[in-house]
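Dear colleague,

I am passing on the structure we spoke about, and my notes on it follow below. Please read them with the structure open beside you.

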Amino acid sequence: MVESTYCKESKISKVAIIDDKKDDVETEELWIEDAGLEPVYLEGPFKTLHDLITSFSKSGADSAICDHRLGSYYAQFDGAAAAATLFKNKIPAILVTQFLDIDRDTSIRRWRKNIPALFPRDEGNVDTICKAFMDTVKELSGDVSEYRRPQRALIRIQEINSEGGTEVIDALIPQWNPKKAVRFPIDLINNKLYEYIKIGTRFIANVNTGALNSSDLFFSDFELAPAPDNDI
Amino acid sequence: MISEETKLIILDVGHGNSSILIDDNSSIVIDAPLGPHLIDALRQLKITEIESVLISHADADHLGGMIGLLLASDINIKKVFLNPDASKDTDIWYDFRTAVSVARKKYNTSIHTELTTGLTGNIDLNNVRVQVLWPTPEIALAGAKGFDLNNRPLNSNAISAVIRFLYNERPFALLTGDVEYVGLQNLIEEHENIESEILIFPHHGGLPRGADPTKFTHELCSYVNPSIIIFSIGRGKHNTPRQEILKAIKEKLPKAHIICTQLSEHCATEIPVDEIEHLSNLPAKGRSLNCCCGGTIILTFTESGISVSPSPEKHLEFITDYAPSALCK
């Protein structure tokens with residue numbers, strides 16, 4: 001058993017596992033036990049996120065690790081939604097997935113604001129999960145890292161596309177990187193603003209412009225940017 | 001607010017420029033490049049109101065961060081000064097104009113489309129006089145695609161604003177933006193004296209357009225005669241500071257203290273493995289990659305003189321250990 005400094009500092013002890021695949025659950029149990037923590041598996045099925053919260057409360061766990069793609073026989077929502085909902089309920093929850101490259105711009109980005117830490121499954125180990133829990137616990141305590149601090153930012157729509165059945169926007173965030181487009185699901189924008197969504201439209205939203213990688217960006221609180229007057 | 005001392009903070013923003021002048025609970029920001037470090041520094045310093053933001057010229061590495069600053073609801077900017085640049089008919093210029101529109105209407109920020117010598121005396125702080133040494137109004141009217149009165153071609157860098165601060169009537173800092181040869185010639189022709197104790201070297205120590213870098217540096221050093229020269233650079237970006245410029249400085253001003261915000265690849269091929277300990281606690285772009293040299297540099301002014309943080313001694317210790325081929329030695 002490796003006692004990670006991060007796990008000690010995060011002060012968590014019992015980790016709920018939210019995952020529908022037996023092999024992955026076993027791996028997660030090993031990571032958790034190796035970190036000196038106690039795993040507890042949450043048996044589904046979960047029709048709603050409320051069901052999940054109820055089950056979590058009964059488990060005695062103080063934290064959670066969620067797989068992202070959950071089979072519909074196990075849950076009617078994905079792991080990102082689960083992790084974000086737990087986080088919003090002040091529970092340190094982290095996300096793991098083998099589909100990070102595929103889902104990061106859509107089903108994960110949708111919830112990314114409330115997922116301080118996630119990692120690809122092939123990078124999973126004791127240190128990874130303990131660091132992830134540490135980062136999550138810190139953010140819950142109000143210590144938000146420079147990479148996660150939201151700022152009001154201008155967003156310039158470059159294209160509107162579809163990815164895996166989800167309508168997405170490809171945009172530039174000049175304050176983050178004026179030369180690298182970022183994709184996010186259209187439903188992050190309030191549907192009252194949909195009529196304004198077209199190429200060239202500018203919005204203002206909360207974005208963590210200190211993020212180092214585009215996969216870590218999250219968006220919230222969109223408003224339409226006014227067109228500038230001809231005064232400059 | 002933050003401090004009753006007078007300080008000039010040269011932020012490590014990587015390749016770009018950004019400075020914060022603080023005097024008697026008031027502040028001025030000069031240039032705002034892309035990235036969160038300026039806003040983070042302002043928040044860490046608990047600056048919720050800025051008297052003036054001066055934008056030297058419209059390149060993204062001096063202006064791009066204004067978008068976020070203008071949109072920030074927790075930092076009130078009273079006035080922004082800049083010269084419009086019609087050559088910048090770009091998306092980011094439009095983005096900036098959009099942010100200006102928001103700030104003007106939502107936060108009552110006053111936008112002034114002039115940053116010229118005519119403003120000298122109008123943007124002073126309590127203990128600090130602010131001089132705009134360049135451009136003159138007639139040059140600003142020519143614009144970045146025009147010509148000076150000697151028919152020399154201008155560009156965005158040539159009309160980059162040059163700002164000097166005086167503390168108790170003593171010129172202590174000259175911020176030169178990206179000014180290059182034509183700008184320097186006009187500056188020298190316009191003013192008898194452009195001396196200053198501290199020089200923020202133009203264009204991050206990159207090649208000055210239209211001039212031999214050695215001659216340009218010799219001329220600049222002669223006229224400014226600084227004792228401290230600061231380069232605001234990004235490691236690995238654009239080959240700055242140029243080695244010939246450092247050589248020219250040492251020829252002309254052998255006793256000047258030279259310091260860069262980040263560790264140039266010319267000074268050390270490897271980034272230090274150990275944590276760099278001499279840095280201030282203010283945000284510095286190079287910190288996350290451990291490639292700071294001076295990092296964010298803090299100059300504090302008192303009646304008895306200027307103190308620099310990191311101190312020249314700490315800086316020397318660092319470069320002795322980690323940058324044996326440092327260009328500034």
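In this predicted model, the sulfur of Cys292(B) lies 6.0 Å from the closest cysteine sulfur, which belongs to Cys291(B), and since a disulfide needs the two sulfur atoms within 2.5 Å, that distance is too far for a bond. Cys292(B) is also buried, its relative accessible area being 0%. Cys267(B) is likewise in no disulfide, the nearest cysteine sulfur being that of Cys328(B) at 5.9 Å, and Cys267(B) is buried as well, with a relative accessible area of 8%. Over all chains, the count of disulfides by this rule comes to 0.

Turning to the interface, 24 residues of chain A are in contact with 29 residues of chain B, and the area buried between the two chains is about 2,200 Å², with carbon and sulfur atoms giving 57% of it. Between chain A and chain B there are 6 salt bridges, one of which joins the side chains of Arg149(A) and Asp40(B), with a distance of 3.5 Å from N to O. The rule for polar contacts finds 6 residue pairs across this interface, counting pairs in which both residues are at pLDDT 80 or more.

On the side of chain A that touches chain B, strand S6 (151-163) and strand S9 (202-207) of chain A each supply at least two residues, and S6(A) gives the most, with 5 residues. By type, the residues on that side of chain A divide into 11 nonpolar, 5 polar and 8 charged.

With best wishes

Technical notes
Residues numbered from 1 in each chain as written. Chains lettered and ligands numbered in written order. Predicted model: local features only at pLDDT ≥ 70, side-chain atom pairs only at ≥ 80, totals over all residues. Heavy atoms only, no water. Contact = heavy atoms within 4.5 Å. Buried area = accessible area lost by both parts, 1.4 Å probe. Salt bridge = Lys/Arg side-chain N within 4 Å of Asp/Glu carboxyl O. Polar contact = N/O pair within 3.5 Å; in protein donor to acceptor, adjacent residues only side chain to side chain. Helix = DSSP H or I, 4+ residues; strand = E, 2+ residues; numbered from the N terminus. Nonpolar A, V, L, I, M, F, W, Y, C, P; charged D, E, K, R; others polar. Buried < 20%, exposed > 50% of the residue type's maximum accessible area, 1.4 Å probe, protein only.
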